[in-house]
Amino acid sequence: MSEIIFLVEEAPEGGVTARALGESIFTEADNLSELHTKVRDAVKCHFDEENTPKIIRLHHVREEILAV
């Protein structure tokens, strides 16, 4: 696997969450800087050394509500 994609969203209770697409990896943090570290650690723990993806792609999703 050359890359893994995470869906990053704001958590309702505060902070941010990241969920991998196609893998059972989930992590959360208080801010994006902390999330970057936690995502890297989660990926390293989930895969063995020869199967670790070379690229971690973070796809940020933000919901906005507009009044009509």
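Reader: Which strand does Thr27 lie in?

Author: Thr27 lies in strand S3, residues 26–29. Keep in mind that this is a predicted model.

Reader: Why is Thr27 called buried?

Author: Its relative accessible area is 13%. Buried means under 20%. The value 13% falls under that cut-off, so Thr27 is buried.

Reader: What is Thr27 in contact with, leaving aside its neighbours within four places in sequence?

Author: Thr27 touches Val16, Thr17, Ala18, Leu35, Lys38 and Val39. Contact here means heavy atoms within 4.5 Å.

Reader: Which residues of S3 make up its covered face, and which its uncovered one?

Author: Thr27 and Ala29 form the covered face. Phe26 and Glu28 form the uncovered one. In a regular strand, side chains alternate between the two faces of the sheet.

Reader: How do you know that S2 and S3 pair?

Author: Count the bridges. S2 and S3 are joined by 4. Pairing needs at least two. The count of 4 meets that, so S2 and S3 pair. They run antiparallel. As one example, Val16 has Ala29 in S3 as its bridge partner.

Reader: What lies between S2 and S3?

Author: The two strands form a hairpin with 5 residues between them. Gly22 sits in the turn, with a positive phi of about 85°.

Reader: What does S1 pair with, and in which sense?

Author: S1 covers residues 3–10. It is joined to S2, residues 16–20, by 5 bridges, and these two run antiparallel. Leu7 has Arg19 in S2 as its bridge partner. S1 also pairs with S4, over 7 bridges, in the parallel sense. There, Glu3 stands opposite Ile55.

Reader: Which residue takes a positive phi in the hairpin of S1 and S2?

Author: Gly14 does, with phi near 110°. That hairpin has 5 residues between its strands.

Reader: How many helices and strands does the protein chain have, and in what pattern?

Author: There are 1 helix and 4 strands. Along the sequence the pattern is β-β-β-α-β.

Reader: What makes Arg57 and Glu3 a salt bridge?

Author: Their side chains meet at 2.9 Å, N to O. The cut-off is within 4 Å. The distance of 2.9 Å passes, so the pair counts as a salt bridge. Arg57 lies in strand S4 and Glu3 in strand S1, so the pair ties together parts that are 54 residues apart in sequence.

Reader: Are Arg57 and Glu3 buried, exposed or partly exposed, and what are the values?

Author: Arg57 has 43% relative accessibility. Glu3 has 28%.

Reader: How many salt bridges does the structure hold?

Author: It holds 3. Another is Glu34 with Lys38, where the closest N and O atoms are 3.3 Å apart. Side chains of opposite charge can pair when their charged atoms come close.

Reader: What separates Glu34 and Lys38 along helix H1?

Author: About one helical turn, because they are 4 residues apart in H1, residues 32–46. Glu34 is partly exposed at 28%. Lys38 is partly exposed at 33%.

Reader: What makes Arg62 and Glu64 a salt bridge?

Author: Their closest N and O atoms are 2.5 Å apart. That is within 4 Å, so the pair qualifies.

Reader: Where is Ile65, and is it buried or exposed?

Author: Ile65 is in the segment after strand S4, residues 55–61. Its relative accessible area is 75%. That is over 50%, so Ile65 is exposed.

Reader: What share of the protein chain counts as buried?

Author: Of its 68 residues, 26% count as buried. The chain exposes about 5,200 Å², and carbon and sulfur atoms supply 50% of that.

Technical notes: Residues numbered from 1 in each chain as written. Predicted model: local features only at pLDDT ≥ 70, side-chain atom pairs only at ≥ 80, totals over all residues. Heavy atoms only, no water. Buried < 20%, exposed > 50% of the residue type's maximum accessible area, 1.4 Å probe, protein only. Areas by Shrake-Rupley, 256 points an atom, 1.4 Å probe, with all protein chains shown as cover.
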